[in-house]
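Here are a few quick notes from my read-through. Have a look at the model first, then go through the points.

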Amino acid sequence: MIHTPGPWFRNQLRSHGEDSSKNGCDISAEDGSNIAIVLHILRERTAAQSVANADLVAAAPDLLAALKTIAEVSDDDTYDMAMAALMRTWARDALAKVAK
């Protein structure tokens, strides 16, 4: 099965449904279609935690791409310090998407 291509975006925390204790962040694709909703249920976590969870979900395509690239390069035993630095850059760029 193939996932919806990235990039994915986290939208602002908003109300979902009639119960005001259930807010959430929509995760959408570049074309605006919905991917997921990360719910924020007031008594289970803070709004900041819910937004951070949504950022992690939205970063999934970037994280997957970075891991695939690193795995492909790592299979080649001929990489050097420059390649290791490049792999760290890919990983840091992907992680930066999570730490918005």
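Among contacts between residues at least 6 apart in sequence, what percentage join residues at least 24 apart?

1. That figure is 30% for this protein. Keep in mind that we're looking at a predicted model.

2. On the overall layout: there are three helices and three strands, and along the sequence they run β-β-β-α-α-α. Of the 100 residues, 24% count as buried. The protein exposes about 6800 Å², with carbon and sulfur atoms supplying 57% of that area.

3. There's one salt bridge in the structure. It pairs the side chains of Arg-10 and Asp-55, at 2.5 Å from N to O. The two partners sit in distant parts of the chain, 45 residues apart: Arg-10 belongs to strand 1 (residues 8-15) and Asp-55 to helix 1 (residues 47-58).

4. Arg-10 comes out at 23%, so it is partly exposed.

5. Ala-84, Met-87 and Ala-94 are buried; they cover an arc of only 90 degrees around the axis, so they lie on the same side of the helix. Met-81, Ala-82 and Arg-92, on the other side of helix 3, are exposed.

Notes: Residues are numbered from 1 along each chain as its sequence is written. This is a predicted model: local features need pLDDT of at least 70, side-chain atom pairs count only at pLDDT 80 or more; totals for chains, interfaces and linings use all residues. Side-chain values use heavy atoms; hydrogens and water are left out. Buried means under 20% relative accessible area, exposed over 50%, partly exposed in between (1.4 Å probe, protein chains only). Helices (H or I, at least four residues) and strands (E, at least two) are DSSP runs, numbered from the N terminus. The arc is that of the directions from the helix axis to the C-beta atoms. A salt bridge is a side-chain nitrogen of Lys or Arg within 4 Å of a carboxyl oxygen of Asp or Glu. Contact means heavy atoms within 4.5 Å. Accessible areas come from the Shrake-Rupley method with a 1.4 Å probe; for residues, only the protein chains shown count as cover.
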